Amino acid sequence: MPKKTSPPVSQSASTKRVEPSEESSQHIWLAGLGAMAKAQSQGTKAFEGLIADGLAFQRQTQAAAQEKISEATQQLSHLAKDFGHQASGRVDRLEHVFEDRVARALTRLGIPSMTDVEALTQRVAALETHMAQTAKAPAKAVKRPAAKKPL
């Protein structure tokens, strides 16, 4: 079959028909040129604005991080305090158990306890006081009844 050819279309240079893919690439090229022109004219201002935004963001994240650190520090100190109280309570109980057992063993061996020694010390002090008072008091003459004569 013979190939049909379309008749040539005469177009002027001003009404030149552009294919859609060529048109979109032309638009992309022009957009890139426009962005470059804008960046050249406003580049310094945009760069300074980005620096200011970056500093603000850095301050926010540092403040948030500091807050989290202080919360964690408070929680850890609270846990450490609770652990310290529990540990000291357990040590105290262990100490009392040990003291009771030692006291029972010493009692079985016949060794006086601290309370026994204190009681004896108080008794000795009371006796010393009594003896001192009796020594200071003048000796009263005690009259003895006369002996009866034998018959």
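Which residues make the nonpolar surface patch of about 490 Å²? F98, V102, L106, L109 and I111 make this patch, in a model that is predicted, where local features need pLDDT of at least 70, side-chain atom pairs count only at pLDDT 80 or more, and totals for chains, interfaces and linings use all residues. Residues are numbered from 1 along each chain as its sequence is written, and side-chain values use heavy atoms, with hydrogens and water left out.

**Confidence**
- The protein chain has a mean pLDDT (the predictor's confidence in each residue, from 0 to 100) of 80, and 77% of its residues reach 70 or more.
- Residues 10-15 have a pLDDT below 50, and beyond near neighbours in sequence this stretch has 2 contacts (heavy atoms within 4.5 Å) in the model.
- Where pLDDT is low, the predicted coordinates should not be read in detail.

- The protein chain has 2 helices (DSSP runs of H or I, at least four residues) and 0 strands (E, at least two).
- Of the 151 residues of the protein chain, 0% count as buried (under 20% relative accessible area).

Note on methods
Patches are made of residues with over 30% relative accessible area and no salt bridge: like charges are joined within 9 Å, nonpolar side chains (Val, Leu, Ile, Met, Phe, Trp, Tyr) within 5 Å. Accessible areas come from the Shrake-Rupley method with a 1.4 Å probe; for residues, only the protein chains shown count as cover. A salt bridge is a side-chain nitrogen of Lys or Arg within 4 Å of a carboxyl oxygen of Asp or Glu. Buried means under 20% relative accessible area, exposed over 50%, partly exposed in between (1.4 Å probe, protein chains only).
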